[in-house]
Amino acid sequence: MHRTLKAALALLCLAELVASTPLATSLSKLKLSDITQGIQKLNRGAQVPCNDTRVAQVAFKDRKLSEQELLCQAATVLDNMTDCKKDYEPLITSLKSLHGMMNCPPSSDNEIYLRNFLPALGNYTQALYRRISATPAN
């Protein structure tokens, strides 16, 4: 009984440690790389699909919002597009796999063109990737 209790306590402590780990150390570098490369691939084409579409602006520089919240908002923005959604499906899937949240509407009513949103998202995911790479634990 004593061993079982110690094991349960150890698992509980481990679960608490994992839950409190900052997102930057638990994000998948592979998924971030996939997102960045997907955006670069779209930008290399003759024209970004639906580049004149207006989408909600995500405040990637807002320090009050968590990384998960910002990634979730970015996924929501792309997911809410009606035209060209199939072109962005790989990005949406990768973003959703990183944040684990269900619903997170953008925190701003401002809109920008998709052609401006994609570089901002790419810069944000690149910065996260660099931060993870610089973390000594990785």
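Predicted model: local features only at pLDDT ≥ 70, side-chain atom pairs only at ≥ 80, totals over all residues.

Visitor: With which residues is Leu-118 in contact, leaving aside its neighbours within four places in sequence?

Guide: Leu-118 is one of the core residues that touch the most other members, together with Leu-78, Tyr-88, Leu-114 and Phe-117. Once neighbours within four places in sequence are left aside, its contacts are Ile-39, Leu-42, Val-48, Tyr-88 and Leu-91.

Visitor: Which helix gives the most to the lining of the largest pocket?

Guide: The space in the largest pocket is about 220 Å³. Its lining consists of 14 residues, and Ala-59, Phe-60, Lys-61, Ala-120 and Tyr-124 lie nearest the centre. By class, eight are nonpolar, three polar and three charged. With seven residues, the helix that gives the most is H6.

Visitor: From which helix does the largest share of the lining of the second largest pocket come?

Guide: The second largest pocket holds about 170 Å³ of space. Its lining includes Ile-39, Leu-42, Tyr-88 and Leu-91, each of which is also in contact with Leu-118. H3 and H5 each supply at least two lining residues. The largest share, six residues, comes from H3.

How values were computed: Residues numbered from 1 in each chain as written. Heavy atoms only, no water. Core = buried A, V, L, I, M, F, W, Y, C linked by side-chain atoms within 4.5 Å. Buried < 20%, exposed > 50% of the residue type's maximum accessible area, 1.4 Å probe, protein only. Contact = heavy atoms within 4.5 Å. 1 Å grid on protein atoms, 1.4 Å probe; cavity = no way out; pocket = protein on both sides within 12 Å on 5 of 7 lines; lining within 4 Å. Points joined across faces, edges and corners; volume = space filled by probe spheres on them. Helix = DSSP H or I, 4+ residues; strand = E, 2+ residues; numbered from the N terminus. Nonpolar A, V, L, I, M, F, W, Y, C, P; charged D, E, K, R; others polar.
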